[in-house]
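This briefing concerns the aromatic contacts and surface patches of one protein model. Please consult the sequence and structure shown here.

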Amino acid sequence: MSEETPFLHESPSAQLAARVERRWATVCALIIALFTAVAAFAGIHQATMPQARVETISPTRLHLGGEFVETNLGTAVEPDGSVTVRAIGQEYSFTPECILVPTDTAITFRAATPDVIHGFLIEGTNVNTMLVPGYVATVHARFDAAGEHAMPCQEFCGVGHEGMWAKVKVIDRAEFLKMADTKPRLSCVE
Ligand code: CUA
């Protein structure tokens, strides 16, 4: 019996089992190779495509004029019934600290930062982006139910990073619209 044929001395069923096992090992290796190829293709494809939209803004002049001045921050109702939330993330807080939005409404979040990269993430939703100095981050969302969502900064931004939190409070659309009648920019900051 030679070294090259280690299974010859085994019973036919053992040889069969060994063959089946080798075949399955090959199938597993092929599946792993396929997944790796798919992940690599998706990553490289995405990295080589241009961004869908790029909107720039001067980080040093954010607060001096235009869309992100303090009086314009918060939630505004648009003529088409949708809602726009404007917010700023800075070391180490968000303004407004409590964002008020209605249920069952198309919501556009627009946010920017005057200093370093921060995270913009609303827990329990798929809102998750970065605030990059020089750019406006835009995310669309819709909330089906009233409630509160935590909004932690999820990009390390300095010594105060872990204390950088805001929250998003979702209230009934009718109640929200009643409040919006009397105030052009809403928030739940007390
Ligand atoms: Cu801002 Cu971490």
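**Surface patches and aromatic contacts**

E175 is partly exposed, at a relative accessible area of 43%; the class lies between buried (under 20%) and exposed (over 50%), with a 1.4 Å probe and protein chains only. The model is predicted: local features need pLDDT of at least 70, side-chain atom pairs count only at pLDDT 80 or more, and totals for chains, interfaces and linings use all residues. Residues are numbered from 1 along each chain as its sequence is written, and side-chain values use heavy atoms, without hydrogens and water.

**Aromatic contacts**

- The model has 2 aromatic pairs, counted where ring centres of Phe, Tyr or Trp (its six-membered ring) lie within 6.5 Å.
- F94 and F120 pair edge-to-face, with centres 6.3 Å apart and planes at 80 degrees; planes over 60 degrees apart are edge-to-face, under 30 stacked and the rest tilted.
- This pair joins distant parts of the chain, 26 residues apart: F94 belongs to strand β3 (residues 93-95) and F120 to strand β6 (residues 118-121). Strands are DSSP runs of E with at least two residues, and helices are H or I runs of at least four.
- F94 is buried at 2% relative accessible area, and F120 is buried at 2%.
- One aromatic cluster is formed by F94, F109 and F120.

**Nonpolar surface**

- L16, V20, W24, V27, I31, L34, F35 and V38 make a nonpolar surface patch of about 770 Å². Patch residues have over 30% relative accessible area and no salt bridge, and nonpolar side chains are joined within 5 Å. A salt bridge is a Lys or Arg side-chain nitrogen within 4 Å of an Asp or Glu carboxyl oxygen.
- W24 lies in helix α1 (residues 12-48) and is exposed, at 56%.

Definitions and conventions: Patches are made of residues with over 30% relative accessible area and no salt bridge: like charges are joined within 9 Å, nonpolar side chains (Val, Leu, Ile, Met, Phe, Trp, Tyr) within 5 Å. Accessible areas come from the Shrake-Rupley method with a 1.4 Å probe; for residues, only the protein chains shown count as cover.
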